[in-house]
Amino acid sequence: MEEQPRKPHRAKQAGPKAEKKQRKNSEKNNPKAFALNSGVKAFKNAMRNADIEQKRLHVPLVDRTPDEAPPTMVAVVGPPGCGKTTLIRSLVKRYTKYNLNEIKGPITVVSGKKKRLTFMECANDINSMIDIAKVADLVLLLIDADFGFEMETFEFLNILQVHGFPKIMGVLTHLDKFKNNKKLRNTKKQLKHRFWTEIYQGAKLFYLSGIINGKYPKNEVMNLSRFISVMKFRPLIWRNTHPYVLCDRAEDLTDPELIHKNPKCDRDVTLYGYMRGTNLKPNMKVHIPGSGDHWISDISLLPDPCPLPDKVKKSLNDKQKLIYAPMSDVGGILYDKDAVYINVTGNFNKDNNDEEKTEGEKLVIDLQDAQDTLADKIEKSELQLFKNSAPLKATDLKTLSGKDVSYTEEIDENGNIRRKAVFGDENEDEESDEDDENEENEEDEEDEEDDDDEEDDEDEEDEDEEMEDEDSSSKRRRRKAFEKYDNEEQNDEDIAFAESDSDLGDEDEDDDDENGELNWKIGMAERAAANFKDVKRKKNLMQIVYDGTDSEEEESESEEEDNGDDDELFVKVKPQKKVSKDIMDTSKLIVLNDELEDWSDEDMIESLRYRFITGDGNNKNNNEGGDDEEVYGDFEDLETGEVVKGENGEEGNDNENENEEGDDGLTEEERLARKKEELKKKFDAEYDGEEEENDNFYEEIKSGINKQLELNRAEFEEDDPETRAKIEGYRPGQYVRILIKNLPCEFIEHFDPTYPVIIGGLLSTEEAFGFIQVRIKRHRWHQKILKTNDPLIFSLGWRRFQSIPIYSLNIDGTRNRMLKYTPEHMHCLAQFYGPITQPNTGFCAFRSMTETTQAFRIAATGVVLDINQSTEIVKKLKLTGVPFKIFKNTAFIRNMFNSSLEVAKFEGVAIRTVSGIRGQIKKHLPKPDGAFRATFEDKILMSDIVFLRAWYPVRPKKFYNPVTSLLLSEKTSWQGMKTVSEIRRLNKLPIPMNPDSSYKTIVRPTRRFNPLKIPKALQQELPFASKPKVLKKQKKPSLMARRAVVLEPKEKKIYTLMQQINTLKHEKDKKRKLKTQERKEVYLKKQAKEEKIKEEKQSKKRKEIYRAEGKKRAREEAGDSGRYKKRH
Amino acid sequence: MSGSNYIKFSGHQFITQRLVLSTLTGKPIKIDKIRSEEDNPGLQEHEAAFLHLLEQVTNGSSFDINYSGTSLIYKPGIISGGKINFDCGNSRAIGYFLEPLIVLAPFAKNPINITLHGITNDNLDTSVDLIRTVLLPQLKRFGIESGIELKIVKRGAPPNGGGEVKFNCPIVKQLKPVQYIDEGKIKRIRGIAYATRVSPQMANRVTEVARSQLTHYIPDVYIYTDVYKGAESGNSPGYGLSLVAETTTGALLSAECCFEKQTSNENNESEKPVIFNFETPEDLGKQALKYLLTEIRKGGSVDTLSQWINIILMVLTPEDVSKIRISKLTKVSIQLLRDIRSFFGITYKIKPDPENQTVLLTCVGSGFTNTNKKFT
């Protein structure tokens, strides 16, 4: 890693390069001389630039990765023996200086200031390849250059393609096996080009030469790590809509007693990992590929075990280079199923701090460090109620215990006097446990104080209220949402609000005034202002809504009603017809007449003016208070001026206070600036906005997405994590612990960390099942075509499951016709029963998951088109019948239907004879049953068969069988439903044959027709042209046959000559043929000789190769038992 | 685990919203104790009719109602849509059926084209006028823009109805998140005063009262009088007024009131309370006006009437933040929020805004997409 000092660059002083540079400069210096002189060229140039610009664009996708992103998931994939483990070891060593012994499960390392990586090795098993393909952000695809590409590589690439195609980097290993440099070069080139055709032209392919000390060369690994660090990721649609966790740890939480009683009992398991994808909602259903669907019983946030460094100057120091791999043996800690083992080398002493300790050792030392007893700790525990207050110690409480409740006063920096409530009667333990809660309560109380402070300035009784609140603060929940809402119906102490003091004041009897001091009230308004926007406030209403049980439902009702009268001016009348309202189930809010405010009052009417554009002022408050008076001051003075004014004035004060708090942060300048900005925006939108929109549609969408993301981020920033989790769910990047109850015991018993455990969140719609219509194509490398009703294993969404598809083809745009087999080189449709998945999701299918075949295992790939609860596949059905009576164009047909009812259903349907005469079913006949009358376009024959073309619906079987590979001890041997042919083969059953279906040669007797005889009388009358002209056979030979031919002498001469020439030619040909044959024989002999030599050579060579291979295998088997066997 | 797959509810209330949520999410529900303690136990006519409507709108859904009708198991299918003709009966107004349908329709497989027969306006359910003028325009904010239409072919006043409306709705892949917290100021007021089988003068008289008061605030007040005659006028006489105030930001605040006949048949009286008693059309106009003014006073960018539709649709948006401002939560909305939590696992952030006594509702969408829509 030590960087060698590089030679500084020296610019060429002479030679072609230097000249080139000069030329460039001259271009710059004299632009006129190089001005374009060809319009075509300029046009082409502009075209090219535009093309490049367009090519750059992609459909803008929302990138939901948060600021603190989860570790990038780097999957290391390749056939066995190609160096996956070595690569991970090298990379981990590069990042953390840590030598990994064994690699089990995900390994998370901090790779940079703001980047973490999770490495995961993919076992050579189709199940884990599928699972890994669904979660990997970056795939390091290892290829043994010595061997070349293996089937697994291509299978994995195809799986990747259908599941979103994450980024891929190829890594060629075993390059040191090549002795011949030229061969190495050629192989590299060959592999590279094959790799490119598979991914894209120019895909990055790395070359790792040899192994030094069990690792790849340092600089090569560093190079690779650099490429990993600069990798950019485009969000994948599935992962951008689903939350998921790649578990890096699993613990069995089942009660050991239960397991002891029944070792096969269902287990409660906690799984740990980083949240990825989108937010995980608390009660989401999840799918664990290889196990099935489960409900999350509990999620909790854990502190990040591998956090990003807080402050980094330039590069990470060693302490910040963390590694987290709970299932691999790292840091001396081994997380087993039910225990944590800590490896300690030799003996160690906690006092010698100079030695560097592993994480495990530190844990043990921490345990040893516990000196105090629990009681002591309680004694020492502190509670700080307010930020600025001195911490309250548990020991202090004892002194105060004589008094029930007391409060102390404190003046903080701002000069505000704050009350500190001291709970004398509270249990000490509780307090130390629940100090957080108490703090919350405190804050709540303050809010309440704020609410009423203005009104009760003159009122002393509210103090009692306050005290009362404090008393009950630990017991009750706060429910109030708004200030000034009085609650007349419920005056019990438990829900007595401070704000309802005016009503409650008289009834107070619990607490007496402890002292009449009102000092603490000083500065209350300011405090109210400061606390007004307190986060805790909103809890009230949320609690009402969400923590509501039946009893609270009523409360919320009353509350909701209370909300209505927000002004003390109007006296609320209790609703008496409430019963009737409850009975009716309507979305409309029925407000009864007497609940309405009195709108006949002039002031009342006026007070609403601020809500109209005709009323001025910026907000309601100003209007209600000052502005209204300005506009309509005179008017009010005349009529009810004083009363109204008084009240308005008061309100105005309130509102002014609120105002201050509302726009506190803004000074006059800022406000002006904001106004200006808004105006400018308006102007822009009006004048040059439209053009821009048209111009840059892409940018517009992009900025829209960003704006929304910004909003998402900003909205919950101020909320506490619990509320955030409740509203937003668990965000990606957080480390969570997920408790899943009732997992099958095999999950734990056969848990193997080398197989990925993924928790994939399911959207609310994805829990249901239905018929899925997909567009499917048999993979061109798969050797067999697929048969309808043969079970097929699909990898769709998170799930891997077996189902029974029916293939079909949409023939004429109206109906889907069933196909018995998939077309050879064409897409077709398939329908099967399975979990509802969003249309446009890709999938791949397999015939079996076991490794018995050497051939390409991906049987088909495709995409989901449609979800439905019924299917519309049909197959052809021909009903046949025969005529039993024929009139002119009418015939009676039987043997097509069994009853007249059936006929009735088909009345008016088109029928046809084999000879092509079309007809229609008319009506059933009384006898025989099922016979009917039909008309045809022509007279049909008795020998004609009449048929009716119909369509018969075919329904896929409702079969869904999740691949539970994780529950097996032998993960690769999952056996699903067998195909019919497999069962036949196993049981040695013959294929049943319908004798009718077999083709036989059709024997047709030749038809003989009698000669046509025309009566003589008729013949005579016929015109000559129509008369049969049958001639008798000539008995004598004709003249031509009888005559003798005598040649002329010249003719004779020619004839002889021709004969002679021909004889000569024939002789010559014969000779030539013989010669060629001879030559050919010689040649063949020679050829055979050569062939023999070649064959000998080849067999020798083959023998050598096989021997070497055998040796290699023997070595592997003897050596590393952790390796997987190569498939054969 | 598989046995307890049902989401369980009890009571007859909020039955439509629960069925709608169930249909949207595909989660089966079980509702028991439907009026089990009452003299007339079990599902009532309108509820049964709503189930029938659901059956027509969906494909593959199954209802399992016990003998007494007090418990219902609903396994939803997919929303198929298409052309439907449905008679709502006279027990409840069309609004009772149409409102839930508005939420379902955008997520159907085929664009929905439904004709509903029944009572178009009554005081219990949202009238078709307000659905047309208030609810449907709000769908635009969620990205359901073109092709949504509600046509009132015939008016049907209670008790005998006879009205007919045609509702068309396009389908969408996904909704858009909304940020709509600016309530703005009222710039115009529109209204519809209808009269059917009564003297057209009634509508004019209603209009007169409302307009005279409203012009006090703003000059841009226009109230259409919509008089139905002959075949279009349904089976019963009636008149009413619906008012919509539109603000500068496009918020719609609405109120309505319609005439009700006092003497309805006996058994109906317990179910359908007569809420108002109007002597003259002027009284009705005043009442509607009062409602509108109360609504205006309450504020919010989303009025009380359209709270629930906004609350449901916000949950169905992509996983982005949506935000609206409402005046106060109604009982229906509160229950809806709870039901949404049990169906979607989504909790709203409910924050009262003390400045103008409104409530801000914020939620992160569930990432709902229309899985029913075909991919080509």
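In which handedness of crossing does H3(B) pass H8(B)? The tour below begins with that pair of helices. The model is predicted, so local features need pLDDT of at least 70 and side-chain atom pairs count only at pLDDT 80 or more, while totals for chains, interfaces and linings use all residues. Residues are numbered from 1 along each chain as its sequence is written, chains are lettered from A in the order in which they are written, and side-chain values use heavy atoms, with hydrogens and water left out.

**First stop: H3 and H8 of chain B**

Select residues 94–104 of chain B, which form helix H3, and then residues 307–315 of chain B, which form helix H8. Helices (H or I, at least four residues) and strands (E, at least two) are DSSP runs, numbered from the N terminus. H3(B) passes H8(B) in a right-handed crossing; a crossing is right-handed if the near helix is turned clockwise from the far one by less than a right angle, and left-handed if anticlockwise. The two axes come within 10 Å and cross at roughly 25°. Axes are lines fitted to C-alpha atoms, for helices over the stretch in contact, and angles run from 0 to 180 degrees between N-to-C directions. H3(B) and H8(B) are therefore roughly parallel (angles under 35 degrees; over 145 is roughly antiparallel, 65 to 115 roughly perpendicular and the rest oblique).

Next, display B:Glu99, B:Pro100, B:Ile102 and B:Val103 of H3(B), which meet B:Trp308, B:Ile309, B:Ile312 and B:Leu313 of H8(B). Contact here means heavy atoms within 4.5 Å. By class, this contact of H3(B) with H8(B) has seven nonpolar residues, no polar and one charged. Ala, Val, Leu, Ile, Met, Phe, Trp, Tyr, Cys and Pro count as nonpolar, Asp, Glu, Lys and Arg as charged, and the others, Gly among them, as polar.

**Third stop: between the chains**

Show both chains. The contact takes 104 residues from chain B and 94 from chain A. Together the chains bury about 8900 Å², 53% of it on carbon and sulfur atoms; buried area is the accessible area (1.4 Å probe) that two parts lose on being put together, summed over both. B:Tyr217, B:Arg297 and B:Phe375 supply 10% of the area that chain B buries against chain A, more than any other three residues.

Now select B:Lys323 and A:Glu715, whose side chains meet in a salt bridge (3.2 Å, N to O). The term denotes a side-chain nitrogen of Lys or Arg within 4 Å of a carboxyl oxygen of Asp or Glu. Nine salt bridges are counted between chain B and chain A.

Select A:Asp131 and A:Arg800, which form a salt bridge with their closest N and O atoms 2.7 Å apart. A:Asp131 lies in helix H4 and A:Arg800 in strand E22, 669 residues apart.

**Last stop: backbone details**

Most residues other than glycine have a negative phi, and most peptide bonds are trans. A:Phe165, however, has a positive phi of about 55°. A cis peptide bond joins A:Lys927 and A:Pro928, with omega about -15°. In chain B, the bond from B:Pro158 to B:Pro159 is cis, with omega near 5°.
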